Amino acid sequence: MASATSFYDFKPLDKRGQEVPLSDYKGKVVLIVNTASKCGFTPQYAGLEALYKKIKEQYPDDFVTLGFPCNQFGAQEPGTDDEIQNFCQLNYGVSFPIMQKTDVNGDNANPLYKWLKDEKPGIMGIKMVKWNFEKFLIGRDGKVKGRWASTTKPEALEKPILDELAAKAA
């Protein structure tokens, strides 16, 4: 997928291994988060779910959060895709889509993550995800509008998300 030039060109895999064309989200605001079940930041699932529900009430068809489980940081996501789904549902009531476990860094990184890091490098231009629960915000136009470190709490993203929802798609 080296020729991908837009968020909408990607088709990451869902929990069942089925392609999810991101073109389905054209005109929507999308929050992308790499997640893990056994991390100090795992309680952010609760904040992500609360934020997702709150914004979905106001913008039911215009916002989605996508979780991408990743086991690359301290082996903190060792479970199978089914175990991850069950954990998210039972412990945090997660209702937003949790995708198939994937790599976000390295040679086997998910093509979507390669693109995200190229579009919005981190501090000092570093093109790698530093830890679990790093967040990327995609605007209605399919462009990366923001990137936040793991330490940024989900509730801090409410204003940037609402600002993007207020913007009209090009």
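Student: Why is Ile-126 called partly exposed?

Tutor: This is a predicted model, and the label rests on a computed value. Ile-126 has a relative accessibility of 37%.

Student: Where does Ile-126 lie, and what patch is Ile-126 part of?

Tutor: Ile-126 is in the loop between helix H3 (111-119) and strand E3 (135-138). Together with Ile-123, Met-124 and Met-128, Ile-126 makes a nonpolar surface patch of about 470 Å².

Student: What makes Arg-140 and Asp-62 a salt bridge?

Tutor: The closest N and O atoms of Arg-140 and Asp-62 are 3.4 Å apart. The cut-off is within 4 Å, so the pair counts as a salt bridge. The two residues are 78 residues apart: Arg-140 is in the loop between E3 and strand E4 (144-148), and Asp-62 is in the loop between H1 and strand E2 (63-69).

Student: How do you know whether Arg-140 and Asp-62 are buried or partly exposed?

Tutor: Arg-140 has 12% relative accessibility and therefore counts as buried, since buried means under 20%. Asp-62, with a relative accessible area of 24%, is partly exposed.

Student: How many salt bridges does a search of the whole structure find?

Tutor: The search finds eight. Among them is Arg-147 with Glu-134, whose closest N and O atoms are 2.6 Å apart. Arg-147 lies in strand E4 and Glu-134 in the loop between H3 and E3, so this pair ties together parts 13 residues apart in sequence.

Student: Why are Arg-147 and Glu-134 called buried?

Tutor: The limit for buried is under 20%. Arg-147 has a relative accessible area of 16%, so Arg-147 is buried. Glu-134 is at 4% relative accessibility and is therefore buried as well.

Student: What about the salt bridge between Asp-118 and Lys-127?

Tutor: Their side chains meet at 3.3 Å, N to O. Asp-118 has 47% relative accessibility and counts as partly exposed. Lys-127, at 46%, also counts as partly exposed.

Student: Why are H1 and H4 called roughly parallel?

Tutor: The axes of helix H1 (residues 44-58) and helix H4 (residues 158-166) cross at roughly 25° and come within 11 Å. Angles under 35 degrees count as roughly parallel, so H1 and H4 are roughly parallel to each other. Their crossing is right-handed.

How values were computed: Residues are numbered from 1 along each chain as its sequence is written. This is a predicted model: local features need pLDDT of at least 70, side-chain atom pairs count only at pLDDT 80 or more; totals for chains, interfaces and linings use all residues. Side-chain values use heavy atoms; hydrogens and water are left out. Patches are made of residues with over 30% relative accessible area and no salt bridge: like charges are joined within 9 Å, nonpolar side chains (Val, Leu, Ile, Met, Phe, Trp, Tyr) within 5 Å. Accessible areas come from the Shrake-Rupley method with a 1.4 Å probe; for residues, only the protein chains shown count as cover. Helices (H or I, at least four residues) and strands (E, at least two) are DSSP runs, numbered from the N terminus. Buried means under 20% relative accessible area, exposed over 50%, partly exposed in between (1.4 Å probe, protein chains only). Axes are lines fitted to C-alpha atoms, for helices over the stretch in contact, and angles run from 0 to 180 degrees between N-to-C directions. Angles under 35 degrees count as roughly parallel, over 145 as roughly antiparallel, 65 to 115 as roughly perpendicular and the rest as oblique. A crossing is left-handed if the near helix is turned anticlockwise from the far one by less than a right angle, and right-handed if clockwise.
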